[in-house]
Amino acid sequence: MTARIPKALPQGFLWGTAISAHQSEGNNINSDAWLCENVSPTLFREPSRDACDSYNRFEEDIAIAADLGFNCHRIGIEWARIEPEPGMFSSAELDRVRRLLDACHRRGLAPMVTYNHFTVPRWFAARGGFEVTDGADLFARFAEKATQRLGDLIGYASTFNEANIQRLIAQMDHGADAQAVVEAMLSRCAKASGADRFSSLLFAPIDVTEPILVDAHAKAVAAMKSGPGNFPVGLTLTMQDVQGVGEGHLAEALISLLYGPWLEVARGADFIGVQTYTRVLVGSQGRLPAPEGAEMTAAGYEFYPQALGGTLRFAAQRIGRPIFVTESGIATDDDTRRIAYIDAALGEVRRCVDEGIDVRSYLYWSLLDNFEWTRGYDEHFGLVQVERETFKRTLKPSARHLGAIARSGRL
């Protein structure tokens, strides 16, 4: 059998990792998530605390990424830090983010900025969050203020991380008591905030918030496009490779539930950010379990890196915009399986490029072992291990493996 010859990728292809502010920076005390983590009862296994202390160590993280050979760094900016109280924008925080973006440029990394990675300011949640119509206007105001100060340094941007995340959460089995815990947690948050409600995006009702989120996306894009800067603004989606099994399967019904209005919204974006981890099997009665004997990741779903090929083709066919892989990764403590996952996922990228699909990046989730929301610190997606007390960064073999591929520019 003839070995495949490494293929050069399109000029300007982006290699790198993705990270979010709340999950890595630590002590995001003015955010809704921080309060949710620290009340009782809570759905969170543990609080984020110092996270990876990337708030103070971003220069080190950027240096690691650059030294590995990457040319892009996807980050999030934290609304709760930039606007800790309504209408009060922190010049000091915006200056810190400018230093972060400048550090990316100095090290040859194009900054890809996510304006919202699930978290919102505590005051915003206490007034109803995206359950209140003018929540869209407040998000757009934040986007405008942030862009005015940062836009000239932004390479690429997106409004919401995984804009359809609520739809994915609605399809997951959280256990019999989860909803009661969520309601009690939000009630405690409201009380702690001196409010009669508390709306945290990950736990908010889809039917109420989704139209407002669609409006917020459109208004934020307009604000971001007003400059300064001339960067493409995309939309990222959580994209599962939905595979129909047998006659009468319900794959299209599940696709409709997973994406709702967001495929149409994405068709108007400058690019679509594909974020894929596994596949979903669907029969005539609904979702099916993973095949018997299938390898499972530490996050509890099937090890199936080939899913990325399915979602790239889906995005090309159903959306038709330039495609950036903005997240692809695996939770595991066996780094040989991380390397195997990366290689298989990149194999799918190559096949899609060979088919003429316009794929422009591969960004691995995540640079660091960080805070994974309700699951805390037990699931390790990172290319870099972080010691919880000293914050020492230690590169895993997978980091150097992906870095070597990125430096070669070939698959």
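Start by selecting asparagine 370: leaving out residues up to four places away in sequence, it touches Ile19, Gln23, Cys52, Trp365, Gly376, Tyr377 and Glu379, where contact means heavy atoms within 4.5 Å. Before going on, note that this is a predicted model, in which local features need pLDDT of at least 70 and side-chain atom pairs count only at pLDDT 80 or more, while totals for chains, interfaces and linings use all residues. Residues are numbered from 1 along each chain as its sequence is written, and side-chain values use heavy atoms, with hydrogens and water left out.

Asn370 sits in the loop between E11 and strand E12 (384-386); helices (H or I, at least four residues) and strands (E, at least two) are DSSP runs, numbered from the N terminus. With a relative accessible area of 2%, Asn370 is buried. Buried is under 20% relative accessible area, exposed is over 50%, and partly exposed is in between (1.4 Å probe, protein chains only).

Show its ring and you'll find the charged end of Arg388 over it, 4.0 Å from the centre. The test here is NZ of Lys or CZ of Arg within 6 Å of the ring centre and within 35 degrees of the ring normal. Arg279 does likewise over the ring of Tyr304, also 4.0 Å from its centre.

**The H2–H3 loop**

Next, zoom to Pro41, in the loop between H2 and H3. The bond from Ser40 to Pro41 is cis, with omega near 5°. Asp53 is in the loop between H2 and H3 too. Its phi is positive, about 55°, although it is not a glycine, and Asp53 is buried at a relative accessible area of 12%.

**Rings and core**

Which rings should you look at next? The structure holds 22 aromatic pairs, counting rings of Phe, Tyr and Trp (its six-membered ring) with centres within 6.5 Å; planes under 30 degrees apart are stacked, over 60 edge-to-face and the rest tilted. Take Phe44 and Phe203: their centres are 6.3 Å apart and their planes at 80°, so this pair is edge-to-face. Phe44 is in the loop between helix H2 (32-38) and H3, and Phe203 in the loop between helix H9 (178-192) and helix H10 (206-225), so the pair ties together parts 159 residues apart in sequence.

Then select Trp79, Tyr115, Trp123, Phe124, Phe130, Phe139, Phe142 and Phe160, which form one aromatic cluster. Tyr115 and Phe130 are also among the residues with the most contacts inside the largest nonpolar core, which has 125 residues. Such a core is a set of buried Ala, Val, Leu, Ile, Met, Phe, Trp, Tyr and Cys residues joined through side-chain atoms within 4.5 Å.

**Last stop: H15**

Finish on residues 397-408. The 12 residues of helix H15 should span 16 Å at 1.5 Å a residue, and the end C-alpha atoms are 17 Å apart, which agrees; the expected span is 1.5 Å times one less than the number of residues. Colour Ser398, Ala399, Leu402, Gly403, Ile405 and Ala406, which are buried. Viewed down the axis of H15, the buried residues fall within an arc of 160°, so they line one face of the helix; the arc is that of the directions from the helix axis to the C-beta atoms. On the other side, Pro397, Arg400 and Arg407 are exposed. After H15 comes Gly409, with a positive phi near 65°.
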